[in-house]
Amino acid sequence: MANGLVIVLIIAVALVFDYTNGFHDAANAIATSVSTRALKPRTAVLIAAVFNLVGAFLTTSVANTVGKGIVKMEAVTLALVGAALVGAIVWNLITWRLGLPSSSSHALIGGLIGAMLVAHGPAFVLTQGIVAKVVVPGLLSPLAGLVVGFLVMLALYWLFRAWAPARLNRTFRGAQVLSAAYVSFSHGTNDAQKTMGVITLALVAGGFQDKFVVPIWVMVISGLAIALGTYSGGWRIIRTVGQRIFRLQPISGFAAQVSTATVLLVASLNGLPVSTTHAAISTVMGVGSTRKLSAVRWGVAGNILIAWVLTIPCAAAMAALVYGLLYLAGAR
């Protein structure tokens, strides 16, 4: 009975994390559409919410990585999962309050690492899996976003070089409805999976499942939570992504969204829990660089980079503290 109450509480906390992930990362899907006035803010977040939900059902590859590839499953307890989630939520809220588009994915992974280090030590952290599935993709995805964004923007400039500005803006404002849906779908395929993985991990740790297999009902509630979070919007971060890095036009907004969505979808299909934020911001910088390097506000990008670097260790430290408190309170 007690275990049943704890698992309900853990699932609730996981869904809170999923919700904060939704409003924290809403900017990645809609900032460019809103800043170019292709979509009204509420229409944009509604589209993002719907396609986030749809994307959550495409694959469970990322959920498997989060659940089985970061820490040793046999050492995971419900208290450990709870501490990891709380650490990630706290870091999400801090960076949201500051308007910094940091990585919810890395916050969750950092939370799992920090709680496990305190609970059982470094031997139970899967260093090889973290390097292969988190660190390397985490370094490569921003680079990929930068390059893909740059190349897509160059291709669009060349293809539509003869078009008048008024016709170009009108066409790509319409096209941004599709690109916003595409990036939202890709966001759902990656970010909602992380919560699915944590909930399933908790079910296994609590003895409610024998094997790590994501149940349909977990897919549904995870998809709904991230969709609701997206619909609530993350307006501070939307302003940072859509206005403070590079002043986007409809064609450049379309290029950034298509590039972001493509990088995310490739990562999701390969089970890589990359940061939607990293991909989105780097594609905006790549798109902006096609005009001239000075068009990108690199100082803002530098502040965001600091948040990226700090995310895993800070979320890990917070989760470690929470686990320590739970341990002192008698929770294991």
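Predicted model: local features only at pLDDT ≥ 70, side-chain atom pairs only at ≥ 80, totals over all residues.
1. Aromatic pairs. A pair of aromatic rings is described by the distance of the centres and the angle of the planes. The count of aromatic pairs in this model comes to 4. One of them joins Phe160 and Trp163, with 4.8 Å from centre to centre and 85° between the planes, an edge-to-face arrangement. Trp163 is partly exposed, because its relative accessible area of 25% lies between the limits of 20% and 50%.

2. The aromatic cluster. Phe160 and Trp163 belong to one aromatic cluster that also contains Phe172 and Phe254.

3. Charges over rings. Two placements deserve attention in the viewer. Arg161 lies over the face of Trp158, at 4.5 Å from the ring centre. Lys72 is placed over the face of Phe124, and here the distance to the ring centre is 5.4 Å.

4. Gln176. This residue is found in helix 7 (residues 165–205). Gln176 counts as buried, because its relative accessibility is 0% and the limit for burial is under 20%. Which residue does the side chain of Gln176 meet in a polar contact? The partner is the side chain of Gln257, and the contact is 3.3 Å.

5. Helix 3. The buried residues of helix 3 (residues 61–68) are Val62, Ala63, Thr65, Val66 and Gly67. What covers these buried residues includes helix 7, together with helix 5 (104–119), helix 6 (127–159) and helix 10 (250–269).

6. Helix 8. The 17 residues of helix 8 (residues 216–232) reach 25 Å from the first C-alpha to the last. That span is close to the 24 Å expected at 1.5 Å a residue. The buried residues in helix 8 include Val218, Met219, Ile226 and Thr230. Also buried there are Ser222, Gly223, Ala225, Ala227 and Gly229.

How values were computed. Residues numbered from 1 in each chain as written. Heavy atoms only, no water. Helix = DSSP H or I, 4+ residues; strand = E, 2+ residues; numbered from the N terminus. Buried < 20%, exposed > 50% of the residue type's maximum accessible area, 1.4 Å probe, protein only. Polar contact = N/O pair within 3.5 Å; in protein donor to acceptor, adjacent residues only side chain to side chain. Phe/Tyr/Trp six-rings, centres within 6.5 Å; stacked < 30°, edge-to-face > 60°. Lys NZ or Arg CZ within 6 Å of the ring centre and 35° of its normal. Expected span 1.5 Å × (residues − 1). Contact = heavy atoms within 4.5 Å.
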